[in-house]
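Welcome! Please take a moment with the sequence and the 3D view below, and then we can walk through them together.

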Amino acid sequence: MAIQLIVKQNYQEISDAAFAVVRRIVTDNPRAVLGLATGSSPIGLYQNMIADHRRNGTSYAQVTTVNLDEYIGLGAQDDQSYVYFMHDNLFNHIDVKEENVHLPNGMAQDTAAECARYTALLAQLRQDVQVLGIGANGHIGFNEPGTSFDSTTNIVKLKDKTRLDNARFFQSLDEVPTHAITMGIANVMNAKKILLVANGENKADAVRAMIEGEITTECPASILQKHPDVVVIVDEAAASKLSK
Ligand code: F6R
């Protein structure tokens with residue numbers, strides 16, 4: 001089935017449309033499993049979830065969350081870690097229970113065991129929806145070009161481009177970790193529904209390759225064409241290289 005594409009005028013509208021999808025899932029099933037992402041793209045969605053929780057009491061008390069990825073070597077105390085980001089931007093402001101929040105552990109001593117643990121956990125916790133951003137090179141999670149579509153949770157060496165893109169969150173490029181642990185592409189594809197948000201012109205090539213390009217590991221997001229239920233919500237700049 002084709003990817004459902006929604007083009008909005010600006011970031012607020014993207015965030016509102018994404019929130020409508022998530023809210024529907026949580027109100028239909030208060031025990032939903034939400035697959036979440038970090039990065040700048042979903043921040044507006046999370047702000048909408050927080051505002052709605054405060055205003056309307058939408059509850060996440062029975063929701064479980066599973067995050068896409070984490071930097072190797074960063075832990076909960078580190079303000080650049082994804083576990084920190086998720087608490088700061090969402091979990092601390094809604095009523096999700098800490099024991100129901102899951103991320104890969106970037107501080108695990110035995111990274112192979114941590115990958116196996118997280119993949120086993122995902123088998124138990126199939127995402128009702130997986131929220132995604134997209135990298136300028138088409139990555140999803142930290143699955144960089146060349147990653148097998150069959151991959152499960154794995155350790156990746158970050159490409160220079162991804163480290164550069166993410167350097168804006170750090171004091172200097174040197175501080176950007178070199179490795180990350182990420183859900184694999186097969187783990188992402190196992191979600192019942194996928195919700196990808198992207199904004200800005202620097203995502204336009206990746207959005208075109210994802211939606212109109214051939215399905216190739218050179219653009220990891222292109223595999224989403226094979227998923228039965230994908231909603232892609234973008235602004236006009238991110239949609240600007242689509243043929244129609
Ligand atoms: C985040 C993640 C990444 C980002 C992507 C886009 O958990 O896995 O794939 O979604 O790098 O990042 P932003 O949204 O910052 O442009």
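## A pair on helix H1

Arg24 and Asp28 sit four residues apart in helix H1, about one turn of the helix. Helices here are DSSP runs (H or I, at least four residues), numbered from the N terminus. The two residues form a salt bridge, with their closest N and O atoms 3.9 Å apart; the term stands for a side-chain nitrogen of Lys or Arg within 4 Å of a carboxyl oxygen of Asp or Glu. Both Arg24 and Asp28 are exposed, on a scale where buried means under 20% relative accessible area, exposed over 50%, and partly exposed in between (1.4 Å probe, protein chains only).

A word on the background: this is a predicted model, in which local features need pLDDT of at least 70 and side-chain atom pairs count only at pLDDT 80 or more, while totals for chains, interfaces and linings use all residues. Residues are numbered from 1 along each chain as its sequence is written, and side-chain values use heavy atoms, with hydrogens and water left out.

How many salt bridges does the structure hold? There are seven. One of them joins Asp52 and Arg23, whose closest N and O atoms are 3.2 Å apart. This pair links distant parts of the chain, since Asp52 belongs to helix H2 (residues 43-56) and Arg23 to helix H1, 29 residues apart. Asp52 is buried, at 3% relative accessible area, whereas Arg23 is partly exposed, at 30%.

Lys161 and Asp165 form another salt bridge, with 3.1 Å between the closest N and O atoms. They are four residues apart in helix H5 (residues 160-166), so about one helical turn separates them. Lys161 is partly exposed at 43% relative accessibility, and Asp165 is partly exposed at 24%.

## The nonpolar core

The largest nonpolar core has 73 residues, and Leu34 and Tyr46 have the most contacts inside it. Such a core is a set of buried Ala, Val, Leu, Ile, Met, Phe, Trp, Tyr and Cys residues joined through side-chain atoms within 4.5 Å. Helix H1 (residues 11-28) gives the most to this core, with eight residues.

Leaving aside residues up to four places away in sequence, Leu34 touches several others, among them Val22, Ile25, Met49 and Val129; contact means heavy atoms within 4.5 Å.

Technical notes: Helices (H or I, at least four residues) and strands (E, at least two) are DSSP runs, numbered from the N terminus.
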